[in-house]
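Please look through the sequence and the structure below before reading on. The report that follows takes up one part of the chain at a time.

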Amino acid sequence: MQLTLWTYEGPPHIGAMRVATAMRGLHYVLHAPQGDTYADLLFTMIERHGARPPVTYTTFQARDLGADTAEIFKQAVAAAYGRFRPQAMIVGASCTAELLQDDPAGLSRALGLPIPVIPLELPAYQKKENWGAAETFYRLVRTLAGPRTDAPRIQASCNILGPTSLGFRHRDDLREVRGLLGELGIAVNVVAPLGATPADLGRLGNAAFNVVLYPEVARSAAQWLERTHGQPFVETTPIGVKGTTAFVEAVAALARVDPAPVLDGEGSRLPWYSRSVDSTYLTGKRVFVFGDATHAVAAARVASREIGFSVVGLGTYSREFAREVRAEASLHSIEALITDDYLAVEAAIAAAQPELVLGTQMERHVAKRLGIPCAVISAPMHVQDVPARHAPQMGFEGANVLFDTFVHPLMMGLEEHLLAMFRDDPEFHDGVAPSHLGGRPREEEAETIVAAPATAVAPVVWSIEAERELKKVPFFVRGKARHNTERFARERALPLITVETLYDAKAHFSR
């Protein structure tokens, strides 16, 4: 077992909570000790739900381990049903309670409640959060969707599967996708799990086909519906202009409708933006992408095919979707990084020396340490990545959001470059205070030679002049310039980096 400070995914019962919290009329009874009861924190402070999560915990304590913890679980299930009267319940154990082997499934069946009670077997020490969400949704659909019927279906009708609570921009994406389907004249039968009730899951078979927005959550349920109800599904991710266009064409083909009303419309401003920006600062920029499989693959496609970046790194922590990520990485002539070790991701970013990182909140911390601009495009996320405004990633409006997300960090780098260009101006340089503070010169600091961090190979020292010259390099590539120059000096056993060394290294690595 490897201990770690950060994890990309929580245990599988957190995935189950994401499904339960997204739905209405469903209650989750979790066999868990004190300390595993943090759903309120996740869903009220990060997701910002207006209501308490529909989760009841047994919250047994250490002194209860010598007694009957199974009885505590049965009492919790009975109390939850009596208090909340849900349409259905799911029951399971947290990673800690799993060790007790109290059998939540058998205990809940013994109560004989007059509603469906779906047991969850979520192996906490083998699987993780997204798998837990997918397994929970699959079990709910399989139990509640009912048998196949021969009732006629409206061809232009679909279910939207996949959006959950605590998903990256799921609510905003759903709004955009519903708008696209509405313009095509395709009726939405059920959206699940987000906003659905157990009774709604019983109506899933009424639609002609399914739209899978997030395969990490809904692929297994969609495959079961295809086998048992004869419903084909669309898994094309509508992220970016090209992805959205492909999605519209796919759903229009299944619904047998004309895609022209959507594709002939205004669409996104991303293509015009991409053509209009100064290519000197955007085209060919090296970008490293990491996140869940759906968002990582989509971000790589948008970055390379729609904005003109060069993808130098692509990876995911979603091991179940490693094949899809490896296939996309091969199109960029790189090897995919499949890992849930953030230190391995940090090492890969440092080795690739990108000019922009698109990742999770953990890559944002890594990029900050490395001095590289970063944008968050996938969970895990921080509260600042759950904006109150409408900020989708899917659809044509999502493409506009993506352009801003990808490009603005680099444009801020351009602004920093302009600041550096005028640094020696008599009215605008490092030694002058801001104009609103009177513009008085700052006290000169004593000039010292700055030593680079010592390494096991050979320490290098920067001269004052070389350090000043390095500051003229735009900050978003300055770290790369420093690294290359120090490597150049070490390889040639140069004890002091001068201005000439800096430019010699630049010429060497530009070949």
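Just after helix 4, residue G112 takes a positive phi of about 65°. Helices here are DSSP runs of H or I with at least four residues, strands are DSSP runs of E with at least two, and both are numbered from the N terminus. The model is a predicted one, in which local features need pLDDT of at least 70 and side-chain atom pairs count only at pLDDT 80 or more, while totals for chains, interfaces and linings use all residues. Residues are numbered from 1 along each chain as its sequence is written, and side-chain values use heavy atoms, with hydrogens and water left out.

Helix 4 covers residues 104-111, and its buried residues are P104, A105, L107 and S108; buried means under 20% relative accessible area, with exposed meaning over 50% and partly exposed lying in between, for a 1.4 Å probe and protein chains only. An α-helix has 3.6 residues a turn, so residues three or four places apart point the same way. What covers the buried residues of helix 4 includes helix 3 (69-84), strand 3 (88-93) and strand 4 (117-119), where contact means heavy atoms within 4.5 Å.

## The chain as a whole

The protein chain has 20 helices and 18 strands, and of its 511 residues 52% count as buried. Among the contacts in the chain with a separation of 6 or more, 70% come from residues 24 or more positions apart.

What is the order of the strands in the open sheet of four strands? The order is 6-5-7-8, and the pairing is parallel; two strands pair if DSSP finds at least two bridges between them. Strand 6 and strand 8 (233-234) stand at the edges with a single partner strand each, so one side of each has no neighbour in the sheet. Strand 5 and strand 6 pair in the parallel sense over four bridges, and C158 stands opposite V188 in strand 6. Helix 6 packs on the sheet, where it touches strand 5 and strand 6, and its direction makes about 175° with that of strand 5. Helix 8 (residues 215-229) also packs on the sheet, touching strand 5, strand 7 (207-212) and strand 8, and its direction makes about 155° with that of strand 7. For such angles, axes are lines fitted to C-alpha atoms, for helices over the stretch in contact, and the angles run from 0 to 180 degrees between N-to-C directions.

Strand 7 is mostly covered, since six of its six residues are buried. Five bridges join strand 7 to strand 5, with the two running parallel, and I154 stands opposite A207 in strand 7. Strand 7 is also joined to strand 8 by two bridges, again in a parallel run, and the bridge partner of N210 is F233 in strand 8.

## Loops with particular backbone geometry

The loop between strand 5 (154-161) and helix 6 (170-184) holds L166, which has a positive phi of about 60° although L166 is not a glycine. L166 counts as buried because its relative accessibility is 11%. R169 is found in the loop between strand 5 and helix 6 as well, and its phi is near 60°, a positive value in a residue other than glycine. Is R169 buried or exposed? With 14% relative accessibility, R169 counts as buried.

Cis peptide bonds are the next feature to look for. One joins A192 and P193, with omega about 0°, and P193 has its place in the loop between strand 6 (187-192) and helix 7 (198-201). Another joins A379 and P380, with omega about 5°, and P380 is found in the loop between strand 13 (374-376) and helix 17 (395-421).

## Helix 15 against helix 16

Two packed helices are described by the angle between their axes and the distance between the axes. The axes of helix 15 (residues 342-352) and helix 16 (residues 361-370) come within 10 Å and cross at roughly 45°. That angle makes helix 15 oblique to helix 16; angles under 35 degrees count as roughly parallel, over 145 as roughly antiparallel, 65 to 115 as roughly perpendicular, and the rest as oblique.

The contact is made by Y342, V345, E346, I349 and A350 of helix 15 together with M362, E363, V366, R369 and L370 of helix 16. By class, this contact has seven nonpolar, no polar and three charged residues, where Ala, Val, Leu, Ile, Met, Phe, Trp, Tyr, Cys and Pro count as nonpolar, Asp, Glu, Lys and Arg as charged, and the others, Gly among them, as polar.
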